[in-house]
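Dear colleague,

I am passing on the structure we spoke about, with the sequence alongside.

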Amino acid sequence: MSAAESTYVSTLGKGDSLHQQVLASFPLCDITEEDLTQNAQFCKLLATLAQHVDQSGLTVPLKTELEKAEQKLQSQRRYWLRSEGIHKALQEMTQDHCIRKHHATVPPDQNMFYETMEKCLLVAQCIRQLDPSSTTNQDQPSVLGLTPQQMMELMPLEKNIQRMKQSLPRELEKHLKTKCLSLLCYYQPEWENESEGLKNSKLSHLSAQMGNEKKRAESLKESSRENSVLLQRQTQLYLSEQIKCIQLLQSLILDHRLRILTDLDRKKLDYFEGKCELVLQRIKTEMVEIQLDTYKVDTISAHTKMREKLSSDLKASQVEKHSVELKLASFEMLGKDFEALAEEYCRLRQEIEMNTWALKEFTQCKNK
């Protein structure tokens with residue numbers, strides 16, 4: 001970078017001021033202030049380049065040449081448009097004359113005027129098609145072997161042409177005035193019922209009004225373009241900010257999720273600990289119930305064994321009693337020996353009663 005360019009960059013400003021000036025110098029570039037901040041050397045390069053090119057990217061000499069070429073083009077375009085407009089107006093005049101002939105009687109002089117003008121237009125159009133321009137090959141074959149000189153022989157009589165030329169400005173002015181009034185009524189429909197003089201007065205200002213409308217439309221178009229560029233830049237900035245916000249939101253969601261998961265895991269741990277305690281308590285309760293059931297089974301088994309033993313003792317006592325009774329019956333006739341047998345009988349009876357009482361008590365205890 002030369003000393004002059006360095007001086008120019010230093011005079012532009014620093015920081016945000018320099019960034020804003022660079023962005024204003026290159027409105028068509030898809031760059032943001034953040035890009036310039038992250039690339040300081042690139043920002044200085046654009047600042048230096050801004051003194052050699054305009055906002056469209058053209059250099060000053062090229063811009064000058066382009067403006068001259070555009071001016072020349074506009075001049076030629078105006079000339080062509082003027083000639084083409086007159087030609088179209090003449091064609092419209094001949095078409096209107098053909099329509100009027102079918103709906104009303106046309107004076108002979110007007111009929112001669114329009115026929116002469118139509119024939120001249122046709123011959124001129126044919127000559128234009130036959131006469132090659134300077135950009136085409138001069139040796140190319142002509143259409144149907146005709147030449148412009150042969151087409152000139154089809155022109156009307158010279159006196160008719162002179163008469164047509166004398167009346168042409170007046171008739172052309174009348175036709176153009178009619179079209180202008182139609183345009184005026186189309187542009188401002190409320191003027192359609194105005195007087196002829198007021199219409200002519202309004203018509204004199206129509207060109208300036210249309211020019212102002214055109215400038216206003218171009219200004220609106222330029223403003224729309226600038227707003228579109230600004231909107232695009234703001235949209236990019238908005239999207240970048242949206243991306244940052246989304247990333248921040250994702251990080252917050254992740255942190256919140258991790259914290260929630262930690263609390264959830266702690267609650268799950270407490271839940272499982274409580275559940276394990278309940279299961280252990282239930283297991284202990286079931287073990288106590290099993291022990292009680294085992295004790296009851298053992299007790300019932302012991303009682304059953306005792307009952308069986310008492311039953312067997314009772315049966316044995318009853319058998320013994322029956323045997324003693326038989327003996328007592330057989331020994332009643334013995335006399336004195338009967339007392340010994342009676343005592344033995346009493347002893348046995350008491351023993352039977354005792355066994356019966358014990359069996360009854362055992363049965364009642366078991367039922368309880």
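What follows is a short account of what was found, from the whole chain down to single residues.

Please keep in mind that this is a predicted model, and that every value below was computed from it. The chain has 11 helices and zero strands, so that, in keeping with how elements are assigned, the order from the N terminus on is α-α-α-α-α-α-α-α-α-α-α. Of the 368 residues in the chain, 17% are buried, and the chain exposes about 28,800 Å², of which carbon and sulfur atoms supply 58%. Among the contacts in the chain with a separation of 6 or more, 57% are accounted for by residues 24 or more positions apart.

Two packed helices are described by the angle between their axes and the distance between the axes. Helix α5, which covers residues 60–103, packs with helix α8, residues 158–187, at an angle of about 90°, and their axes are 10 Å apart. Angles of 65 to 115 degrees count as roughly perpendicular, and α5 is therefore roughly perpendicular to α8. On the α5 side the contact is made by Ile86, Ala89, Leu90, Glu92, Met93 and Asp96, while α8 contributes Leu168, Glu171, Leu172, His175, Leu176 and Lys179. Sorted by class, this contact of α5 with α8 has seven nonpolar, one polar and four charged residues.

Two threonines may also be of use to you when you look at the model. Thr94 lies in helix α5, and because its relative accessible area is 9%, Thr94 is buried; setting aside residues up to four places away in sequence, Thr94 touches Tyr114, Met117, Glu118 and Leu121. Thr116 is found in helix α6, residues 108–130, and counts as buried because its relative accessibility is 3%. Leaving out neighbours within four places in sequence, Thr116 is in contact with Pro156, Asn160, Ile161 and Met164.

Terms used. Residues are numbered from 1 along each chain as its sequence is written. This is a predicted model: local features need pLDDT of at least 70, side-chain atom pairs count only at pLDDT 80 or more; totals for chains, interfaces and linings use all residues. Side-chain values use heavy atoms; hydrogens and water are left out. Axes are lines fitted to C-alpha atoms, for helices over the stretch in contact, and angles run from 0 to 180 degrees between N-to-C directions. Helices (H or I, at least four residues) and strands (E, at least two) are DSSP runs, numbered from the N terminus. Angles under 35 degrees count as roughly parallel, over 145 as roughly antiparallel, 65 to 115 as roughly perpendicular and the rest as oblique. Contact means heavy atoms within 4.5 Å. Ala, Val, Leu, Ile, Met, Phe, Trp, Tyr, Cys and Pro count as nonpolar, Asp, Glu, Lys and Arg as charged, and the others, Gly among them, as polar. Buried means under 20% relative accessible area, exposed over 50%, partly exposed in between (1.4 Å probe, protein chains only). Accessible areas come from the Shrake-Rupley method with a 1.4 Å probe; for residues, only the protein chains shown count as cover.
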